[in-house]
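Subject: Structure handover

Hi there,

Here is the structure I promised to send you. Please open it alongside this note, as I refer to residues by chain and number.

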Amino acid sequence: MKFSDFLNNNIVCLDGGMGTLLQEKGLPVGELPERWNLTHADVITDIHREYFDAGSNVVSANTFGANGLKFSDDELDEIVSAAFYNAKKARELSVSDKEKFVALDMGPLGRLLKPLGDLDFEDAVSLFAKTVKLGVKYGADLIIIETMNDSYETKAAVLAAKENSDLPIIVSNVYGADGKLMTGADPAAMVTLLEGMGVDVVGANCSLGPKQLTPIVKEILANASVPTLLMPNAGLPKSIDGRTIFDVTADEFADEVCELIKVGVRVVGGCCGTTPEYIRAVCERVAALTPIPIEPKNITAVSSYTHAVKFGSSPILIGERINPTGKKRFKQALVERDINYILNEGVNQQEKGVHILDVNVGLPDIDEKEMLKTAVTELQAVTDLPLQIDTSDISAMETALRIYNGKPMINSVNGKDEVMAAVFPLVKKYGGLVVALTLDENGIPTTADGRVRIAEKILITAEKYGIDKKDIIFDTLAMTVSADNFAAVETLNALTRINRDLGCHTSLGISNVSFGLPNRDAVNGVFFALALENGLSAAIMNPYSPDMMKTYYAYRALHGIDANCTDYISAADSFTIQATPSTPTEKAASNEEYRSELEKAIVKGFRERSRELTDELLRSENPLKIVENEIIPALNRVGEGFEKKTVYLPQLLMSAEAAQSAFERIKCAMASIGNSAESKGVFVIATVKGDIHDIGKNIVKLILENYGFSVIDLGKDVPPEAVVEAAISNKAHLVGLSALMTTTVSSMEETILQLREKAPFCKIVVGGAVLTEEYANKIGADKYAKDAMEAVRYAESVMAQKN
Amino acid sequence: MSCTVLTKCLDRPPVSDKEILRYAGCKDNNDEVSSLLCDCLAEAEDHLSYRVCYCKLGVKFDRNICDFGVFKVESSDLAKNLSGCSEVIVFCATVGTMFDRLIAKYERIMPSKAVLFQAIGSERVEAVCDSFCDQISRETGRRTKPRFSAGYGDLPLELQSEIFALLSCEKNIGVTLNDSFFMSPSKSVTAFLGLCD
């Protein structure tokens, strides 16, 4: 029998702990248990056989830590081969008459993935892939990915399993007592991610005993439309007379596990501290139980690395601001690869209350695939909101879907055969909730009828790819009402019918409806209200628009979704556009120390205030004059204080950030008149290869930008070749390199060597915790800068000599 | 030789603003930094967990070689630190992965806060260690030596590999070690704590 057939109709018993048993049999601390497949084959085979004899349907081969980080390719092959030889031999020797399967077992790699750790996502996928291929080669019946405490690493393992085998996949994560993974995901987030990717069983193991895991398991059961797994510890460990004892007995364990089988758990086993005795106790009880059928939950949801966002009665807001269409400043930021600008748009929209961020970085002159990958990676470092990948470039879409840490929204597919053929396979493979536009080869039908017909065609095609209708959300396309007076009516009709007759969720890009009209916000707000009343589930919208936010909160209050109108009340203050707070033109009079209010705001590090004051000044003054007369003197004052040690690093940075918010307004003003500020010089900056700490580099970048340099930030862990290439292609005047670890100074030296050879025109300045002036000289740098101000002074002196 | 690795989730140790500002390189305080620190502390709260995994080992000395049974290490500084002890606690403490997310976020969008979060993290993880060591001292009724970490004095950083293998830090509290012996989450500490006889 195939495992998947067995799973359909039975409660599946897995095996119990391995590690603790091996330690008892003499495995020394520090020795890798997988080596025992070769050196102690009889011990391993015996343990497997005992589990089969106890009633296990599935025994995991001893491959938990068998990965390419711990073993060479050859040794890995030998180990996995021996592991399966042992497990299969145990299956033959077992006297049990149950169905018996052997699983490839994969645990964490032991290194944290970027951006928190230093292991690249694709490297993690390749490492898991090696083990999966060997599992297939040596005859695994299924793959168990378990004890995973990071959602991102879990995704890497599942991708590797899907790309290299057709075997059933069981995934189990480690939840703490707070109900979350170490890296933040709750059970709903994991179920959403994993079901989206098509795994066969989801669950929880390790860390806690069955009783403590109960709320987590119930949460999984409530969300999952696939079978749920439970593999707890035998309670908590205690040390008694030098032996490790777990505090839940076999009978208690089995009773508690069976309680959860009765509420729907279908796959059970044990983790740390459990032995064949525990599994036998479970199996004996299971024989008397009937499996509870799995109910499809029909939940439409997306997820981030922390939580799931479900579509239902409460409207979902999708922030539209990360999109260059019609935004000059945004386009400029993209061309300059100014990721910070995008990140701020993300963080600001989250503060306004959106649930999902749309991410569109398409511009004709840029490499969209690379840019989208960077934007998605970086956004995931600053926000825990789910993202909507918005692109028509299929290869950019796939790249972004791969590296996204969760189940994303995908914008978009439509009724064109060619587009469906390109997008649906990606949705199937990576998981996602896809926005389907009701248009096809013949354009957008003017009538609701036509749009509903396209929706039906899209659903039929999706089904052929194995995509459920809960994973499709229709956009019936808001057209411009000033061009066609009945445009909005038809859009709403189509919306109602798709919602009511096809039972699907809907989403609209709201803003388009008012194009060409004055005071567009008023029209948008009412259109949003009408659409919600017609069953709209989600809107792609501008969260800075008070009318939209008013509608959102009022709708929820009126529909009984907002208990006690709490959300409405707390948001109500923000609805009235605040008149710019009266700025008393006290000038310098009240405070002799400062020549102007803006200078004071920057010196004090007030971001909001600096921005407002700059806006005010921009009404009457030339942008560059403001920089020259106000911002630079303020920065100099703080910079000098820092050099004299009367101002400390946090203050220097607060001022720099205040100055940056002033600069942002200046850049906006200049972009709108088609100008960009003159650059003082081009500075390429990077943290060298192998080094993943970049706070120092970011500080230097911020201060340099303040002083008018164009800074090209290559990020951290940058190979020498990339630095050289950027120096040449940007004709850099200066290159700044940072290293914080003694182990990476050698890659700094290598980078300098390559720069000297291929880009001799640029000056090299280095810094970082482990460097000294002497060492900087030794590895051939032009300058050692002990802090950001020294780097600025040096850069200024270099530019002064050039001019 | 079997050794039982235990884990503890500690209560939030009291916060020292002064310590945090010292880590942030502020020799004296001013209103602007104080108010930013106040914001940061409020934001940090939900991102901090205080976890420790540990195990008790016997130790014997042969000149500078400290023999813990499960591994040995040559270090005159550790031997000196542990003199008069026949038992030691080896532990790993962390404030958790979510806190690193906060640092990573503000490194990108607001370095002033990133600097303060770095300082808060350093202060917090040291406070966890203090609080853990106090607890051990109370539970065992024994005086403890000052804690001693790999990388101090002549105790090689490479010993981290042995400590991680012993404590299964990743499984127990989510701490991993990279090839350069750096820990993730970054605000984590491993150390030996001598139990005075």
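This is a predicted model: local features need pLDDT of at least 70, side-chain atom pairs count only at pLDDT 80 or more; totals for chains, interfaces and linings use all residues.

Residues are numbered from 1 along each chain as its sequence is written, chains are lettered from A and ligands numbered from 1 in the order in which they are written, and side-chain values use heavy atoms, with hydrogens and water left out.

**Where the chains meet**

Chain B puts 46 residues in contact with 55 residues of chain A (contact means heavy atoms within 4.5 Å). About 4400 Å² is buried between the two chains, 59% of it from carbon and sulfur atoms; buried area is the accessible area (1.4 Å probe) that two parts lose on being put together, summed over both. B:E32, B:R101 and B:R108 supply 17% of the area that chain B buries against chain A, more than any other three residues.

Between the chains there are three salt bridges, a salt bridge being a side-chain nitrogen of Lys or Arg within 4 Å of a carboxyl oxygen of Asp or Glu. One pairs B:R108 with A:E378 at 2.6 Å, N to O. This pair runs from helix α4 of chain B to helix α14 (residues 368-382) of chain A; helices here are DSSP runs (H or I, at least four residues), numbered from the N terminus. At 11% relative accessibility, B:R108 counts as buried (buried is under 20% relative accessible area, exposed over 50%, partly exposed in between, with a 1.4 Å probe and protein chains only). Helix α4 of chain B gives the most to the side of chain B that touches chain A, with nine residues.

B:K105 is buried yet has no salt bridge, and the nearest side chain of opposite charge, B:E43, is 4.4 Å away (Lys and Arg count as positive, Asp and Glu as negative; His and the chain ends are not counted). Leaving out residues up to four places away in sequence, B:K105 touches A:V347, A:A381, A:V382 and B:E43.

**Domains 1 and 2 of chain A**

The domain bounds come from an automatic or database domain assignment. In chain A, domain 1 covers 3-27 + 38-286 and domain 2 covers 310-316 + 385-560. Their centres, taken over C-alpha atoms, are 40 Å apart. In this pairing, 16 residues of domain 1 are in contact with 13 residues of domain 2, and about 1200 Å² is buried, 43% of it on carbon and sulfur atoms. The two domains share four salt bridges.

**Other salt bridges**

Over all chains, the count comes to 52 salt bridges. A:D255 and A:R285 form one of them, at 2.7 Å from N to O. A:D255 lies in helix α10 (residues 250-262) and A:R285 in helix α11 (residues 276-286), so the pair ties together parts of chain A that are 30 residues apart in sequence. A:D255 is partly exposed at 40%, and A:R285 is partly exposed at 23% relative accessibility.

In chain B, B:R22 and B:E19 pair with their closest N and O atoms 2.9 Å apart. They are three residues apart in helix α1 (residues 17-23), so about one helical turn separates them.

Best wishes

Notes:
Helices (H or I, at least four residues) and strands (E, at least two) are DSSP runs, numbered from the N terminus.
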